[in-house]
Amino acid sequence: MSEICTADEAMARVHDGDMIAAHNWGISGSPGYLFRALVERGVKDLTLCIPNLIPLPEGFVERGLTDPTILIPQLKKIISPFFGARGIMSRFSEAFFDTLAKEGRLEIEASAHGSLMERLHAGAMGLGGVYSPVGVDTIVEEGKEKRTIDGVDYIFERPLRPDVGLVKADKADTLGNLVYRGSARGANPVIAMASKYTIVEVFDVVEPGVLEPEMIVTPGVFVDCVVRIPDEDVYSEKRRPELMQLLAEVMLARGVQSEAADIEGGEE
Amino acid sequence: MKDRLTEELLAMRAAQEIRPGDYCNLGIGLPQLCASHVPAGAIVQSENGALGYGPLVGPDDVEKMDLDFIDAGGSFFTPAPGMAFFDMSTSFTMIRSGRLMSFLGGLQVSEKGDLAIHSLSDTDEFPQIGGSMDLAWGAKRLVILMTHNTSDGKSKVVKELTLPVSARKCVDLIITDLAVIEVTSGGLALMECTPGWTSEEIQEQTEAPLKVADDVKEMEF
């Protein structure tokens, strides 16, 4: 049974040394409201498991918006395929990450996007890990068991079972059933299933029966705690047009279409 | 100095590889430019979890932008009939299942079809892998779009990679601002030359040996 609670109440479940999982691919689908609450909670030595760490462009933070890099001072380890977007204005530059890592204050584990998802999936299903062909003969295979199965080379990827999952969904009902919108779904359903304690931020909470059963992506059994973003908050549904306008202004000022122009680089 | 292809022409040539009915992932950078040249009936996939969406929204078309309709590069797309959304596990299942063509950028391709795509920071601490390794390994057909040479004139089509490997023996076709090159079991075959360039001149710009195809021709757009 899911609880309906405030972000502060939910964060009481996060402790020093926990592994946290969250989605990030820009603003959409990333639990920024919960990131802010986690900073306020002030826990430390966290491990963050996240598909991307994309800093927000200038002008967003001033309006109370957050991105996962805000958690860096509280982290001891990051498991992620992608850090920052090169060349994008950010509070935390790549040099900042490099310094932290060099000083041994921050451990970095690179994992391909698909492998990260299946490590979480394995954790969710109670499996002991997966053999993946992705990353064979690359930096990703370092220190991992290698095995040939039916003529194909694989590397062993350990499962991930985060202590706390921070999830963003569009709507929840009071039983914790979740629906998502558009590409905001991302890694959220996988994180909800993999985490021992799943906290969800939503635009709205409705009564059971309002969400079409066939449309529910994450059944409430995977959800422990639902936080409704207050209407006055910059992350609320009510203030989304404001957010869109801000994003458009930033994009126009930069003269590019993209919020994260060089994910999967390729082009120097 | 002879003219090389513009990015737009390179993208137009590359998009000819996509046929109606193909499912295709367009990577970040040059491949993204192919989006406006994809033939009707081909279906584009984005690894953050979208399939079959409509054209991208221009930067000044704010009223058409929807915060929850973004592709992997963070560009806003328009809805289209029949599009589908799914989680990232499903998305990478699609990618590794061998059902998608994949267009990626590249830093180096070797004559064996090895690919280097993710650059490293100065300290080598932060590989920007993203989904590139999954896409390179899983593609039904992998097409690399890149400039033929680095900004200081070095060949990106090489005998052996000198940059970190993203995936071995994965590239099928290389399209650069100078040439279309097929990766075959017998090495690299020069299939098409950029207008104004001879195969000898292209070889001079290329570290790896190129076999000139019998029916080598000038690129058409």
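1. A residue is called exposed when its relative accessible area is over 50%, and buried when that area is under 20%, with partly exposed lying in between. The model discussed here is a predicted one. In chain B, Lys169(B) has a relative accessible area of 66% and is therefore exposed. Lys169(B) lies in the loop that runs between strand E9 (157-158) and strand E10 (173-175) of chain B.

2. The backbone of Lys169(B) deserves a remark. Its phi is near 45 degrees, a positive value in a residue other than glycine. Most residues other than glycine have a negative phi.

3. A positive phi is also found in chain A, where Asp45(A), again a residue other than glycine, has a phi near 55 degrees. Asp45(A) belongs to the loop between helix H2 (32-41) and strand E3 (46-49) of chain A.

4. The next matter is the interface. The size of an interface is often given as the accessible area lost when the parts come together. Between chain A and chain B the buried area is about 5,100 Å², and carbon and sulfur atoms give 61% of that area. Chain A brings 61 residues to the contact, and chain B brings 57 residues.

5. How many salt bridges are counted between chain A and chain B? The count is 4. In one salt bridge, the side chain of Arg181(A) meets that of Asp66(B), at 2.5 Å from N to O. Polar contacts across the interface of chain A and chain B come to 18 residue pairs, with both residues at pLDDT 80 or more.

6. On the side of chain A that touches chain B, at least two residues each are supplied by helix H3 (94-102), helix H4 (113-125), helix H5 (188-194) and helix H6 (240-254) of chain A. The largest share, 8 residues, comes from H6(A). Sorted by class, this side of chain A has 30 nonpolar, 17 polar and 14 charged residues.

7. A final point concerns confidence. Chain A has a mean pLDDT of 89, and 89% of its residues reach 70 or more. Over residues 256-268 of chain A, however, the pLDDT is below 50, although this stretch has 57 contacts in the model beyond near neighbours in sequence. Where pLDDT is low, the predicted coordinates should not be read in detail.

Conventions:
Residues are numbered from 1 along each chain as its sequence is written. Chains are lettered from A and ligands numbered from 1 in the order in which they are written. Side-chain values use heavy atoms; hydrogens and water are left out. Contact means heavy atoms within 4.5 Å. Buried area is the accessible area (1.4 Å probe) that two parts lose on being put together, summed over both. A polar contact is a pair of N or O atoms within 3.5 Å; within protein, one must be able to donate a hydrogen and the other to accept it, and residues adjacent in sequence count only if both atoms are side-chain atoms. Helices (H or I, at least four residues) and strands (E, at least two) are DSSP runs, numbered from the N terminus. Ala, Val, Leu, Ile, Met, Phe, Trp, Tyr, Cys and Pro count as nonpolar, Asp, Glu, Lys and Arg as charged, and the others, Gly among them, as polar. Buried means under 20% relative accessible area, exposed over 50%, partly exposed in between (1.4 Å probe, protein chains only). pLDDT is the predictor's confidence in each residue, from 0 to 100.
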